[in-house]
Amino acid sequence: MTPPIATSTYLADSPVFTKKPLATDSQVQYETKEDYNGEYKFAPIKEAQVSRAMTKRYFEDMYDRAVSDVVIVGAGSAGLSCAYHLAKNAPHLKITILEAGVAPGGGAWLGGQLMTAMVVRKPADRFLAELNVPFEDEGAYVVVRHAAMFTSTVLSKVLAFPNVRMFNATAVEDLVVKPGGRVAGVVTNYTLVALNHHTQSCMDPQVITAPVIVSATGHDGPMGAFCAKRLVSTGLVKELGDMRCLDMNRSEPAIVNGTREVHPGLIMTGMELSEHDGANRMGPTFGAMMASGIKAAHEALKIFDNYEIVDGEVIGPKN
């Protein structure tokens with residue numbers, strides 16, 4: 001069967017910004033052609049237009065999100081589940097996600113030991129059903145054929161919300177802590193910069209302030225459990241509980257039920273809690289990650305219900 005051919009003609013302004021046009025002609029006529037028999041034609045573009053299209057949107061987002069309502073640190077299964085429920089139930093809040101890796105998703109692209117199936121214990125399967133992620137029902141648990149089916153679905157749905165912005169390859173290097181001890185923001189830098197402070201002279205970061213920080217950085221690793229460890233190093237928390245040995249039946253309820261505001265302004269979710277509280281490791285089962293993220297969203301909304309917040313800062317309890 002011969003592939004279809006579609007042609008169209010446009011009359012469009014060629015400059016991206018009228019103040020600094022890239023072409024002398026105010027209008028350029030061009031033809032596109034969707035022909036898979038060797039005659040495919042794209043609309044013309046100038047290389048600078050590509051650069052301007054990206055940088056304009058990126059820095060507009062950075063400018064806008066310098067003051068956010070909620071900052072979620074880490075875009076793994078817990079962080080994304082939190083973002084989904086916050087964005088869905090509080091469309092007026094500006095939700096900013098910071099992911100240290102280039103690719104969001106954390107460890108949720110695979111199951112255990114590089115295998116692809118994702119096991120989710122009930123009742124967390126209800127979240128899969130809400131997302132329309134197909135699964136096989138095995139009684140007490142369900143199995144998603146490939147973990148990427150969950151991660152790609154929740155990621156695309158989160159980013160489709162107009163009140164969500166995500167910055168990839170962006171690391172949190174420190175917390176903003178106000179007099180009285182309340183966490184009021186995060187200190188950020190590009191991940192490649194954060195990993196190379198020892199090779200260069202000073203490369204200063206910048207700041208995003210928010211009345212609620214949700215830390216979902218996972219258990220200990222190169223950048224894992226960052227906020228938990230920073231609370232200890234600053235003396236705000238005496239010591240970490242340290243993650244204990246694997247026990248799925250103890251770990252999953254402990255993580256979900258323990259999801260809370262561990263320090264004023266800082267909610268902790270997912271496996272980072274295992275380091276903070278000393279909970280058991282859970283291994284390759286993901287229901288608690290989803291449910292913990294959902295509970296973190298509920299905890300965040302409680303703060304907005306109970307506190308007076310002006311320009312991203314907590315003023316005090318509501319009367």
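Hi everyone, let's start in helix α1, where Lys56 and Glu60 sit four residues apart, about one turn of the helix. Their side chains meet in a salt bridge, at 3.1 Å from N to O. Lys56 is partly exposed, with a relative accessible area of 33%, and Glu60 is partly exposed too, at 42%. Before I go on, please keep in mind that this is a predicted model.

So, how many salt bridges does a search of the whole structure find? The count is 13. I'd like to walk you through a few of them.

Take Glu252 and Arg121, which form a salt bridge with their closest N and O atoms 2.9 Å apart. Is Glu252 buried or exposed? Its relative accessibility is 5%, so Glu252 counts as buried. Arg121, on the other hand, is partly exposed at 29%.

Next comes Asp277, which forms a salt bridge with Arg260, and here the closest N and O atoms are 2.9 Å apart. Asp277 lies in helix α8, residues 272-277, and Arg260 in strand β14, so the pair ties together parts that are 17 residues apart in sequence. Both partners are partly exposed: Asp277 has a relative accessible area of 32%, and Arg260 has 30%.

Let's stay with Arg260 for a moment and look at its strand. Strand β14, residues 260-263, pairs with strand β15, residues 266-268, in the antiparallel sense over three bridges. Across from Arg260 you will find Met268 in β15. The hairpin has two residues between the strands, and Gly265 there takes a positive phi near 90 degrees.

Now for the aromatics. The structure holds seven aromatic pairs. One of them is Tyr40 with Phe42, a tilted pair at 4.9 Å centre to centre, with 50 degrees between the planes. Tyr40 is partly exposed, with a relative accessible area of 38%, whereas Phe42 counts as exposed at 67%. Another pair is Tyr84 with Phe161, this one edge-to-face, at 5.8 Å centre to centre and 70 degrees between the planes. That pair links distant parts of the chain, 77 residues apart: Tyr84 is in helix α2, residues 77-89, and Phe161 is in the loop between α4 (147-160) and β8 (164-167). Tyr84 is buried, with a relative accessible area of 7%.

Which residues do ring pairs link into a cluster? They are Tyr84, Phe127, Phe150 and Phe161.

Back to Phe42, if you can find it on your screens: look in the loop between β2 (27-35) and α1 (47-64). Together with Tyr36 and Tyr40, Phe42 makes a nonpolar surface patch of about 390 Å².

I'll finish with a contact that brings a charge and a ring together. The charged end of Arg182 sits over the ring of Tyr307, 5.3 Å from the ring centre.

Definitions and conventions
Residues numbered from 1 in each chain as written. Predicted model: local features only at pLDDT ≥ 70, side-chain atom pairs only at ≥ 80, totals over all residues. Heavy atoms only, no water. Pairing = 2+ DSSP bridges. Phe/Tyr/Trp six-rings, centres within 6.5 Å; stacked < 30°, edge-to-face > 60°. Buried < 20%, exposed > 50% of the residue type's maximum accessible area, 1.4 Å probe, protein only. Lys NZ or Arg CZ within 6 Å of the ring centre and 35° of its normal. Patch = residues over 30% accessible without salt bridge, like charges linked within 9 Å, V, L, I, M, F, W, Y side chains within 5 Å. Areas by Shrake-Rupley, 256 points an atom, 1.4 Å probe, with all protein chains shown as cover. Salt bridge = Lys/Arg side-chain N within 4 Å of Asp/Glu carboxyl O.
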